[in-house]
Amino acid sequence: MSRLVHSWRLVCRILVPIIVALSPLSAPVAFTSSDLAPIPPCAVVLPTESTSTQAVETVSSALTTSTTPEPPTILSTATTTPVNITTTAVPVSAPVVPAPPRYDLLRLNELMPQPAEGKEWIEMTSIDPNTTVEVGGLRLRDRTGVIFTFASGTLDAAHPFVVATLSSSRLNNDGDDVSLVDPSGAILDTFAYLDSEKGKTWSRYPDGIGAWAVSDPTPDGKNLAPPIPPDEPEESEGPMILPAETNDEIEEPAPAEAEPTSDTLELGESIAPAEPEPVEQVPQSTTEKTLARRATTNAISTKKNATKKITTTRKLASASVSPLTITFDMINEDSNRGIRVRLNGVVRSPPGLLTGHAFILNAPDGRGLLVRVPTSRKLPEFGRRMSITGSLVFQDSGIPYLKLGAKDAWEVEAGEAGPVVPRTVDLTMPAAEDAWSVVAVTGTVRSVRGQTVTLEYAYGDLDIVIKPVANYRAARLTAGDTLTVVGFLDMTRESPRILPRRADDIAIIAHATPKKQPGAMSPLPGWTPLGAAGLAIAGNEGVKSYRERRKKRALEKNIKTDLNTMI
């Protein structure tokens with residue numbers, strides 16, 4: 001037992017100085033042999049920051065089996081020194097996620113469909129020039145498809161405009177639809193025009209947010225304000241209507257000398273009558289002077305307050321008169337040109353079938369009308385019955401369409417839409433009233449090119465354009481298939497074409513007869529009759545030749561035998 005205690009004391013002599021020296025909270029403590037000699041259970045002295053008195057922690061008391069005296073308290077004369085530990089936070093950078101491009105800020109701003117010289121071009125801008133937007137990958141489309149792709153470019157405060165110069169004439173002079181499309185195919189902005197003027201552009205004022213109007217070209221620059229039209233001649237404004245209370249007092253027109261003119265009279269000036277004739281020396285009454293002055297003041301005020309040129313009396317009346325309710329039989333009447341009308345019908349075109357923001361309104365008998373809607377409005381759902389108000393506009397080709405303004409709207413009506421009956425139309429020479437009608441045609445497929453199928457029917461060829469919204473793969477059709485196709489008659493191109501609306505608008509009546517494979521072997525070749533005759537002739541000739549050779553050999557044998565006998 002004494003040996004074990006001695007060993008333990010030896011271990012304590014070695015470990016205690018090492019533990020105290022490694023402590024970070026105090027200076028080294030000096031120990032002597034007298035300090036450690038009377039410690040039987042091996043105590044460890046731990047310094048603290050608050051006082052120099054060290055507490056004794058008993059490490060092990062189980063080693064002593066007999067009663068031992070209490071261990072004395074060991075005091076340290078060394079003082080503690082506080083240590084300041086400073087930690088510094090190291091920032092960890094999070095992964096940088098690039099912000100999505102702000103394509104929603106981009107707008108079509110100006111386009112040149114009919115340049116006097118040079119090439120056609122389209123200008124784009126941003127409604128927030130302080131935000132940088134990369135335009136690489138954006139595309140421009142018209143009615144036929146993609147006409148330009150931006151390889152690169154930036155819109156910012158230093159470069160607020162980007163101009164796309166078209167490689168060839170792609171924009172139609174008599175009207176077209178232009179759309180700005182992002183790389184995913186979503187339409188960012190679109191504009192449809194009905195006509196164009198040589199050397200003039202369609203532009204927005206103010207840039208990016210204003211209304212479209214015809215103006216002088218300003219490529220890569222701020223657009224010009226549309227000119228204010230000059231005042232109309234007085235005779236075009238109609239007769240002047242005086243206040244009702246003065247009609248009874250005026251029984252005869254005023255003398256020519258006192259008649260005011262717009263060339264010499266300004267607001268607030270007095271009317272000086274001309275030098276009267278000797279016979280006509282009648283003093284002008286105060287009432288007549290007052291009426292003349294009032295009429296002149298009204299005429300000048302009317303001119304100064306006019307801000308828009310009124311070209312026809314019908315346009316002036318259409319702004320204030322209630323819309324005229326018409327039917328589909330009346331949409332092609334020239335008397336309805338330019339007036340606001342109300343029309344009832346059913347939406348028969350799904351969104352995405354037409355180029356631009358528009359839909360087709362149809363009557364139960366299949367007649368149709370194109371309706372152009374502002375881009376700020378959502379297109380109505382397919383199959384909705386509605387009553388719609390708008391202005392009836394005619395294209396140069398005589399085909400009408402309904403244009404909705406900011407104050408025009410539609411009302412959805414209750415009830416089932418019912419089926420639509422395809423119209424019977426002369427597809428070789430369709431009339432203007434046949435445009436956008438629902439028609440049906442049966443024919444044989446001549447060719448398939450992408451989404452366009454050329455169909456040969458009884459009177460010629462007709463293109464069937466299958467849009468993606470129809471959800472029908474044109475590649476499943478082959479030349480020789482017999483089809484029945486139902487769709488809209490589109491007459492916006494040089495040749496009419498049909499636009500199917502859904503997959504069930506295309507029905508395969510009969511598939512094409514499969515052709516023989518070039519490498520397939522036939523059991524009887526085409527030259528079989530000739531071959532048989534040849535074999536027969538060859539066989540006969542062979543038999544004859546064999547018989548002749550046999551006779552010749554027999555004759556030679558007989559002669560040889562006779563010679564041998566004679567010898």
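Two strands are taken to pair if DSSP finds at least two bridges between them. In this predicted model, strand β3, covering residues 106-112, meets that criterion with strand β4, covering residues 121-126: the two run in the antiparallel sense and share 6 bridges. Within this pairing, a glutamate faces a glutamate, as E110 stands opposite E123 in β4.

The β3 and β4 strands belong to an open sheet of 5 strands, which reads β9-β4-β3-β12-β13 in order and has antiparallel pairing. Its edges are formed by β9 (161-165) and β13 (211-215), each of which pairs on one side only. Going from one strand to the next, the twist averages 30°.

Turning to the chain as a whole, the secondary structure amounts to 5 helices and 26 strands. The chain has 567 residues, of which 31% count as buried. Where contacts link residues at least 6 apart in sequence, 59% of them join residues at least 24 apart. The accessible surface of the chain is about 36,400 Å², and carbon and sulfur atoms account for 56% of this area.

Notes
Residues numbered from 1 in each chain as written. Predicted model: local features only at pLDDT ≥ 70, side-chain atom pairs only at ≥ 80, totals over all residues. Heavy atoms only, no water. Helix = DSSP H or I, 4+ residues; strand = E, 2+ residues; numbered from the N terminus. Axes fitted to C-alpha atoms, helices over the stretch in contact; angles between N-to-C directions. Buried < 20%, exposed > 50% of the residue type's maximum accessible area, 1.4 Å probe, protein only. Contact = heavy atoms within 4.5 Å. Areas by Shrake-Rupley, 256 points an atom, 1.4 Å probe, with all protein chains shown as cover.
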